[in-house]
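This briefing goes through one protein model by topic. Please look at the sequence and the structure before reading the points below.

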Amino acid sequence: MPLTPLDIHNKEFNKGFRGYDEDEVNEFLDQVIKDYEMIIREKKELESRVTELTEKLGHFTNIEDTLNKSIIIAQEAGEDVKRNAQKESKLIIKEAEKNADRIINESLVKSRKIAMEIEELKKQSKVFRTRFQMLIEAQLDLLKNDDWDHLLEYEVEPIFGEAEETKS
């Protein structure tokens, strides 16, 4: 068991013939007691400080563990978000491609239909032009016909002259 300052203070030495100077020994012992008390106080303060720092270290170790777990969870969540975003973007692209294909197909069908309608209108305009030309040519033939000249050769007697003769 270690010595205490009280043990040092109460220590008595046997007196011998021609021993040490008692005042000098007591003075030395008083200095040893003071130094020993100071060392014990420092030891207690250091032990207290070690305990405090150990508690803080434990606290910071817990914080570190919590932060590490949080970082891992955040990384996993980030990866999940990234994977979900990639899946969603693929779905959006797929849907856009499907819509683009549908629009292209509808446009092709409409353009073919319009092209067919244009061809049909061209045919109808040719038929109409041909018929109209034939009608005009027939009318011109009628105008050029000699029957018009015969109509001019007819003499018409005045109707008024006959009416007057019947009145008299």
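The model is predicted: local features need pLDDT of at least 70, side-chain atom pairs count only at pLDDT 80 or more, and totals for chains, interfaces and linings use all residues. Residues are numbered from 1 along each chain as its sequence is written, and side-chain values use heavy atoms, with hydrogens and water left out.

**Confidence**

- The mean pLDDT (the predictor's confidence in each residue, from 0 to 100) is 87 for the protein, and 93% of the residues reach 70 or more.

**Fold and extent**

- The protein contains 4 helices and 0 strands, where helices (H or I, at least four residues) and strands (E, at least two) are DSSP runs numbered from the N terminus.
- Along the sequence the pattern reads α-α-α-α.
- The radius of gyration is 66 Å, well over the 15 Å that the globule rule gives for 168 residues, so the protein is more spread out than a compact globule. This radius is taken over C-alpha atoms, and the rule is 2.2 Å times the number of residues to the power 0.38.
- The C-alpha trace spans about 210 × 40 × 20 Å along its principal axes.

**Burial and charge**

- Of the 168 residues, 2% count as buried; buried means under 20% relative accessible area, exposed over 50%, and partly exposed in between (1.4 Å probe, protein chains only).
- There are 27 positive and 39 negative side chains, and the centres of the two sets lie 7 Å apart. Lys and Arg count as positive and Asp and Glu as negative, without His and the chain ends; a charge is placed at NZ of Lys, CZ of Arg, CG of Asp or CD of Glu.

**The aromatic pair**

- A search of the whole structure gives 1 aromatic pair, with rings of Phe, Tyr and Trp (its six-membered ring) pairing if their centres lie within 6.5 Å, and planes under 30 degrees apart counting as stacked, over 60 as edge-to-face and the rest as tilted.
- The pair is formed by F128 and F132 and is stacked, at 5.8 Å centre to centre with 10° between the planes.
- Both F128 and F132 lie in helix α2 (residues 22-144), 4 residues apart, about one turn of the helix.
- F128 counts as exposed at 56% relative accessibility, while F132 is partly exposed with a relative accessible area of 43%.

**Other positions and C-alpha distances**

- R131 is in helix α2 and counts as exposed at 61% relative accessibility.
- F132 and K34 are 98 residues apart in sequence and 140 Å apart in space, C-alpha to C-alpha.
- S70, in helix α2, is partly exposed with a relative accessible area of 37%.
- S70 and M116 lie 68 Å apart, C-alpha to C-alpha, and 46 residues apart in sequence.
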